[in-house]
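Subject: Structure handover

Hello,

Here is the structure I promised to pass on. Please open it first, then read my notes below.

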Amino acid sequence: MPVPLPRRGRAAARRARRRVTLAALPAALLTLTVAAAAPGATSTGGATGLAAQPSAQPAAQPPAHSPAAAPPARPRVFDAAPARASLQRLLPRHAGQFTLVPDAGAGPDTFTVSGTAGAITVRGSTGATLLTGVGWYLQHVAGADIGWPGDSIGLLPAELPAVPSPVTRSAQVAHRYALNDTDDGYSGPYRTFEEHQRQIDLLALHGINEVFVQVGAEYPYYRALQRFGYSAAELREWIPGPGHQSWWLLQNLSGFGGPVSEELMRGRAELGGKITEQLRGLGMTPVLPGYFGTVPPAFAGHNPGAVTVPQGDWAGFERPDWLDPMSPPFARLAAAYYAEQRAVFGDSTMYRMSPLHEGGQTGSVDVKAAAGAVQQALWAAHPGALWAVLGWQDDPTKELLAGVDTSKLLILDGLSDRYNRLDRETRWGGTSYAIGSIYNFGGHTTVGANTSVWIDRFQSWRTKPDSALTGIAYLPEATGTNPAAFDLFTDLAWEPGPVDQRKWFADFSARRYGAPDAQAAAAWEELRKGPYSTSSGLWSESQDSLFTARPSLTAVGSAYWSPKAMRYPAGSVRRALDHLLKVDPRLRGSSAYRFDLVDTARQALANHSRVLLPEIKAAYEAQDLALFRELTADWAHWERQLDALVGSDPNFLLGNWLSAARSHGADRAEQDRYEYDARSILSVWGRQSTSEGGFLHDYANREWSGLISELYARRWSSYFASLEEALVRRAAPRAVDWHAFEADWAKLTTRHPARPSGNPYTLAAGIAATLPQVN
């Protein structure tokens with residue numbers, strides 16, 4: 001039967017409860033510990049108010065290396081109203097044609113789709129799984145796409161088509177995890193609840209069931225550490241601005257982009273609480289940051305018995321200290337942290353921690369014992385909770401794995417598609433892991449992914465004898481840049497057999513624009529063979545653009561840590577652009593088509609920068625002033641074309657990024673601080689030691705309107721002017737202090753459009769008409 005909408009009274013009560021929680025949190029919470037939901041289940045409670053706190057009796061701690069008792073079966077009866085609300089947001093014109101039915105008889109992570117024209121029934125085991133069933137129907141029956149970004153739902157018929165025969169799908173793996181630790185910083189640290197809600201809706205539609213929630217994670221630290229010898233003002237200086245908090249939580253840095261105000265932190269905590277409520281309402285697991293020992297300076301001086309280990313340098317930043325988990329204050333601080341976290345975010349069954357990330361120092365700490373203490377502290381607050389750790393570089397180490405109950409550990413493998421000759425079972429001793437991909441670094445606007453590697457390894461690794469693969473981990477450093485990659489990676493977990501890459505891209509081209517089209521199919525076949533069929537061995541991301549690089553005649557990439565050359569034949573993207581321009585005019589109205597057209601033309605231009613720069617270099621070295629002027633004029637022309645092109649789509653606007661940051665400031669000074677936080681991460685990234693010594697300048701480069709014209713084009717113009725002057729004077733070119741140039745830009749407060757302008761088709765066609773063909 002139809003699902004009722006959520007009752008307004010219930011939502012209002014939850015909002016009122018959270019206002020009380022954030023307004024005043026008693027010191028009694030310092031020692032509060034409460035049993036969480038059983039491992040594997042999703043907590044039904046949202047953030048708790050003071051009156052709702054249970055008895056402060058300490059929970060029993062499972063012994064080390066001893067699996068917790070088997071959890072009770074997940075309740076099969078649930079409220080589908082949150083899924084109905086999501087469906088209304090996703091398909092406002094067609095939501096009424098779906099009946100969502102909680103299915104008491106369905107297996108875990110299972111949906112069934114059936115129905116006649118205009119009356120589609122989706123049965124499922126959770127609210128999120130109901131939405132996954134809707135996503136399957138749109139993809140395989142209705143032929144429409146709701147991508148990230150762009151959709152073709154405007155081309156759906158008024159009456160949705162019937163399902164030829166009922167279809168049941170079950171997830172092939174239990175864990176479908178999403179969001180890198182860096183996603184908040186690189187995708188949008190100042191996003192609204194509506195933007196986060198849209199992200200959750202899309203993740204559920206694509207079968208994700210575990211989502212990392214980082215927003216507001218600073219607030220439990222801020223509250224708890226005030227009881228361990230620190231003033232509120234000291235902590236506001238120590239906590240970074242939202243744009244850099246991702247790396248503070250990873251114990252890489254502190255105190256940059258701030259100070260932050262208490263109002264900002266309270267607002268972010270409330271936002272994070274709403275995000276966790278949204279996830280719980282859909283039966284998804286909010287994955288919260290756990291506590292593993294990050295402390296401010298001089299912690300041992302404030303707390304007798306504390307042993308701290310200086311963590312040294314990370315990319316030019318002095319890392320926060322690590323509190324030895326075996327020293328007595330650790331358990332007390334962890335209890336305080338989890339109590340404060342519970343008060344705002346409620347409980348979960350999964351927590352995210354990566355001690356000693358990217359070169360942390362162990363000092364004299366016994367890592368095995370420390371890991372056990374971290375897990376024990378987690379279990380004291382949340383008995384049997386799952387610890388999610390990132391598989392990255394040398395982590396997790398054998399010492400860490402030896403110290404914990406690995407039956408309650410999940411490794412999120414960020415390197416599954418990057419290197420060859422990987423044996424995860426041997427490397428991690430049979431510990432459960434999720435196959436993952438980081439196909440985007442820093443929010444680069446480059447297309448492509450190692451999709452053939454995904455398809456092959458997911459199937460072969462999952463089905464091999466003694467496989468420990470139990471999930472997928474969607475881990476791009478920034479989301480919302482590559483809809484085909486998002487669709488394909490999440491599809492892996494729900495397809496009952498091997499995915500045929502060629503067929504998948506052919507089908508994608510049809511639903512992406514709302515109907516089959518020969519030119520669309522040809523375009524996506526070119527993209528499949530090119531940027532979406534890159535190989536493993538060294539990289540999981542495609543090359544970035546030279547238009548965004550710090551100027552040099554020998555530049556081979558923009559970000560220091562990115563590929564140095566093309567990873568596929570450039571002609572594939574150039575030909576794809578020509579095909580997209582020939583797509584049936586009736587299919588050009590969707591946001592999916594417009595985004596793909598702009599993105600493909602942008603990529604074709606970016607690839608051309610790698611042809612043009614060597615020509616400029618040759619002209620300069622030949623001292624051919626006329627040719628040098630002609631080629632550098634071409635470069636400037638293409639940069640103007642690029643800025644105008646991306647300015648025609650809302651997903652490529654610097655103005656949105658900056659206005660979001662300013663909206664969080666209470667006065668002009670605070671607005672300027674947060675704008676600097678947002679600008680700096682795109683340019684200098686951090687202080688000079690970070691930008692230069694840590695090679696992080698331009699790490700988060702992206703081809704956005706406003707960013708191209710105000711930073712990248714001006715930078716290249718200054719450089720070429722210095723070279724032209726050198727040719728005229730027959731002297732060495734004057735040196736340019738690029739860090740100072742970029743730091744000046746980061747301090748600007750100039751405004752940029754927050755709405756697109758121009759016709760994407762006309763702009764892309766103009767580029768294609770004059771951009772040379774390549775092989």
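Which helices and which strand each supply at least two residues of the lining of the second largest cavity? They are helix H4 (183-187), helix H5 (193-205) and strand S6 (210-212). Please keep in mind that this is a predicted model.

More on that second largest cavity. Its volume is about 140 Å³. The lining has 14 residues. Leu179, His196, Gln199, Phe212 and Gln214 lie nearest the centre. H5 provides the largest share of this lining, three residues. By class, seven lining residues are nonpolar, four are polar and three are charged.

Now the largest cavity. Its volume is about 210 Å³. Here 19 residues form the lining. Nearest the centre are Gly135, Trp136, Gln139, Leu205 and Asp491. Helix H3 (127-142) and helix H16 (483-491) each give at least two residues to this lining. H3 gives the most, with six residues. The lining splits into seven nonpolar, seven polar and five charged residues.

In total, the model has 10 cavities of 30 Å³ or more.

Last, the core. The largest nonpolar core holds 226 residues. Within this core, Phe98, Met284, Tyr291 and Trp685 touch the most other members. Helix H20 (residues 591-621) contributes the largest share of the core, 12 residues. As background, nonpolar side chains tend to be buried together in soluble globular proteins.

Best wishes

Terms used: Residues are numbered from 1 along each chain as its sequence is written. This is a predicted model: local features need pLDDT of at least 70, side-chain atom pairs count only at pLDDT 80 or more; totals for chains, interfaces and linings use all residues. Side-chain values use heavy atoms; hydrogens and water are left out. A nonpolar core is a set of buried Ala, Val, Leu, Ile, Met, Phe, Trp, Tyr and Cys residues joined through side-chain atoms within 4.5 Å. Buried means under 20% relative accessible area, exposed over 50%, partly exposed in between (1.4 Å probe, protein chains only). Helices (H or I, at least four residues) and strands (E, at least two) are DSSP runs, numbered from the N terminus. On a 1 Å grid over the protein atoms alone, a cavity is a set of points where a 1.4 Å probe fits but cannot get out, and a pocket is an open set with protein on both sides within 12 Å along at least five of seven lines; lining residues have an atom within 4 Å of a point. Grid points are joined across faces, edges and corners, and a volume is the space filled by probe spheres set on the points. Ala, Val, Leu, Ile, Met, Phe, Trp, Tyr, Cys and Pro count as nonpolar, Asp, Glu, Lys and Arg as charged, and the others, Gly among them, as polar.
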